[in-house]
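Take a look at the fold below.

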Amino acid sequence: MPDDADTDFLIEFVRVGNSVKVSAIDPATGIEASIIGPANLSQRELGRNAIAKLRYVLARKKQGLHS
């Protein structure tokens, strides 16, 4: 698995009412993490939070922790 600092992620934003579902995907592994946030936050902030969650998930998988 590549070093997270050098990884590019795919980000998808889907607005649902007053909320936005943001999915971050690691293209190398296909692993995805999603968050839901308020629609009035910037895409930059929402994307940053989704990437932070994805990095957390990737680190747990790297350690062999799947839950």
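Which pattern does the protein chain follow when read along the sequence? The pattern is β-β-β-α. In this predicted model, the protein chain has 3 strands and 1 helix.

Next, the totals. The protein chain has 67 residues, and 24% of them count as buried. Take the contacts between residues at least 6 apart in sequence: 34% of them join residues at least 24 apart.

Now zoom in on Asp26. This residue sits in the loop that runs between β2 (19-25) and β3 (32-38). Asp26 is buried, yet has no salt bridge. The nearest side chain of opposite charge belongs to Arg55, 9.2 Å away. A salt bridge would need the charged atoms within 4 Å. What Asp26 does have is a polar contact: its side chain meets the side chain of Thr29 at 2.9 Å.

Which residues surround Asp26, leaving aside its neighbours within four places in sequence? They are Thr7, Phe9, Ile31, Leu54 and Leu58.

Follow the last of these contacts. Leu58 belongs to helix α1, which spans residues 43-62. Is Leu58 buried or exposed? Its relative accessible area is 2%, so Leu58 counts as buried. Leu58 also pairs up with Glu32 across the sequence: 26 residues separate them along the chain, while their C-alpha atoms are 9.1 Å apart in space.

Technical notes: Residues are numbered from 1 along each chain as its sequence is written. This is a predicted model: local features need pLDDT of at least 70, side-chain atom pairs count only at pLDDT 80 or more; totals for chains, interfaces and linings use all residues. Side-chain values use heavy atoms; hydrogens and water are left out. Helices (H or I, at least four residues) and strands (E, at least two) are DSSP runs, numbered from the N terminus. Buried means under 20% relative accessible area, exposed over 50%, partly exposed in between (1.4 Å probe, protein chains only). Lys and Arg count as positive and Asp and Glu as negative; His and the chain ends are not counted. A polar contact is a pair of N or O atoms within 3.5 Å; within protein, one must be able to donate a hydrogen and the other to accept it, and residues adjacent in sequence count only if both atoms are side-chain atoms. Contact means heavy atoms within 4.5 Å.
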